[in-house]
Amino acid sequence: MEAVRRKRKGTKSSFILGSHLSDGGDNDRQCKKKCMEGSRPAKLGPRDGGAAPGVVMTAPPSGRSASASPCRGIKRKLGCIESVTRIGRKKKLEQEYILDREIGQGRFGSVRLCRSRVSGEQFACKTLPKNGEETVHREVEIMQHISGHPNVVTLKAVFDDSECVHLVMELCSGGRLLDQMVKEGRYSEQRAANLLRDLAFVIKYCHDMGVVHRDIKPENILLTVSGKMKLADFGLAVRVANGQRLYGIAGSPAYVAPEVLSGHYSEKVDIWGAGVLLHALLVGSLPFPGTSREAIFESIKTMELNFHGEIWDSVSLLARDLLSRMLTRDVSSRLVADEILRHPWILFYTECPPRLITSNPRIRIRSAAAPRIDCGYSDPRSDDEQDECGGFVDALAAAISRVRISEPKRSRLCVPAGQIPQECSSNMKANNLCTAF
Ligand SMILES: Nc1ncnc2c1ncn2[C@@H]1O[C@H](COP(=O)(O)OP(=O)(O)OP(=O)(O)O)[C@@H](O)[C@H]1O
């Protein structure tokens, strides 16, 4: 826990859930995320330093070849995008904004606080060097494409000069979800479910818009001052046509889906990333530990999750059920975002008024000891409350009776027999790289 805190925010060597695989070397820093070796020839923009053969295949929405230039999208869209978010417009950043202190540092650039000269409003300004022009353009284009969703960091303006592109974005002054997780430890199911619902909403939106984020992790989920989550960092996102496959390894190691490691995949990789995040929220540790990137990849490919053991005792069966459906290696049976939103665990915690869940001991999703919802009670609620929740609980009770927590699914998880224990009490020890927070 301490180790996590020490190495945090704003430093490139930050411990991140996705990179505690670190061997500490340059090689690993390169691979903190982005563009790991691809299984197919792929373009590597100068932003990636040209250091590794790899990746980032973007698939144009029109269904053209994935090798088409990612810049074409932005050119096609110039006619309809707001001019303030257009690369190449004449205004200079300093004419409109006053730059302030650095508030974040990513692999490719820094993020600074800035203030509008006109309104005085504060924003975040991400500066990316132009030497990775294609990927910068793709990030801008994708942000333009999906900006406006309440759970996506809004792009306000784009400026460029001879060396850099500056993205002025809404400011998320609540910081990163990761920091909150480190500070607060395990989340209650209620809180985790609400967060996952928002994340599933935004993932669904991205997928409906033909965008795969490819780097879902708590570092890339920012919080507003009121605690609302916003998906950020579209640096690895790509656009896909319906049903189009993606190639090339991209992502952050601990969150990467197994099919990414095999070389071809789909938008379902975002569900896997969200599943890893849900695991971390519920039990405070990452599901696929390892002392090196390779070891983590090995865990991702082979480790059997069983959601049993002491640490899981306090986690409801429904939560575990959802997790198992998000972290299945069988891509075809892995849930889509819409199915997450309709899962009984999400519905229970997000549709039922919180006061009824917390104040009424008879309305609760039980843990392993009593794996069902107890709704056979004489209802102490007012008529309104019953209207609000009663039908729902009935429906949920019916749904839950069909939900079964599977024993480890060998067929789904396609793993070897050896089972790596999930108990993570030792996870809390400093220097144990299995430790998430
Ligand atoms: N809109 C924002 N509001 C507040 N802080 C932000 C915002 N955008 C980014 N940051 C901060 O800057 C950090 C780096 O931003 P971001 O992840 O977008 O950069 P990056 O170069 O793409 O990073 P990465 O190394 O993850 O690829 C974030 O972790 C966050 O702390």
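In which helix does Ala-295 lie? Ala-295 lies in helix α10, where helices are DSSP runs of H or I with at least four residues and strands are runs of E with at least two, both numbered from the N terminus. The structure is a predicted model, in which local features need pLDDT of at least 70 and side-chain atom pairs count only at pLDDT 80 or more, while totals for chains, interfaces and linings use all residues. Residues are numbered from 1 along each chain as its sequence is written, and side-chain values use heavy atoms, with hydrogens and water left out.

The secondary structure of the chain comprises 16 helices and 12 strands. Of the 437 residues in the chain, 57% are buried, where buried denotes a relative accessible area under 20%, exposed one over 50%, and partly exposed a value in between, computed with a 1.4 Å probe on protein chains only. Among the contacts in the chain with a separation of 6 or more, 67% join residues 24 or more positions apart, a contact being defined by heavy atoms within 4.5 Å. Ala-295, with a relative accessibility of 25%, counts as partly exposed, and its contacts, once neighbours within four places in sequence are left aside, are with Pro-289 and Gly-290.

Two packed helices are described by the angle between their axes and the distance between the axes. Helix α9 (residues 269-283) packs against helix α11 (residues 317-326) at an angle of about 150 degrees, the axes being 8 Å apart; here axes are lines fitted to C-alpha atoms, for helices over the stretch in contact, and angles run from 0 to 180 degrees between N-to-C directions. The crossing of α9 past α11 is left-handed, a term that applies if the near helix is turned anticlockwise from the far one by less than a right angle, with right-handed used if clockwise. On the α9 side the contact is formed by Ile-271, Trp-272, Ala-274, Gly-275, Leu-278, His-279 and Leu-282, which meet Ala-319, Leu-322, Leu-323 and Met-326 of α11. The residues of this contact divide into nine nonpolar, two polar and no charged, where Ala, Val, Leu, Ile, Met, Phe, Trp, Tyr, Cys and Pro count as nonpolar, Asp, Glu, Lys and Arg as charged, and the others, Gly among them, as polar.

Lys-126 is found in strand β3 (residues 122-129), and an unreviewed UniProt entry places the feature "binding site" at this residue; UniProt positions are given in the numbering used here, feature names are shortened, and annotations may be inferred rather than shown by experiment. With a relative accessible area of 12%, Lys-126 is buried, and, leaving aside its neighbours within four places in sequence, Lys-126 is in contact with Ser-110, Val-111, Glu-139, Val-165, His-166, Leu-167, Met-169 and Asp-233. The side chains of Lys-126 and Glu-139 make a polar contact at 2.8 Å, that is, a pair of N or O atoms within 3.5 Å of which, within protein, one must be able to donate a hydrogen and the other to accept it, residues adjacent in sequence counting only if both atoms are side-chain atoms.

In helix α6 (residues 177-184), Leu-177, Leu-178, Asp-179, Met-181 and Val-182 are buried, and the helix is followed by Gly-185, whose phi is positive, near 75 degrees. Leu-177 is also one of the contacts of Leu-195, which touches Tyr-187, Leu-277 and Leu-281 as well when neighbours within four places in sequence are left aside. Leu-195 lies in helix α7 (residues 189-208) and is buried at 10% relative accessibility; Leu-195 and Thr-350 are 155 residues apart in sequence but 9.5 Å apart in space, C-alpha to C-alpha. Val-260, in helix α8 (residues 258-262), is buried with a relative accessible area of 2% and, residues up to four places away in sequence not being counted, touches Gly-248, Ile-249, Ala-250, Tyr-265 and Val-269.

Positive phi values also occur at residues other than glycine, including Arg-214, with phi near 70 degrees, and Phe-307, with phi near 55 degrees. Arg-214 is placed in the loop between β7 (211-212) and β8 (221-223) and is buried at 6% relative accessibility. Phe-307 is found in the loop between α10 (293-302) and α11 and counts as buried at 6% relative accessibility. Gly-243, in the loop between β10 (238-239) and β11 (246-247), is exposed at 69% relative accessibility.
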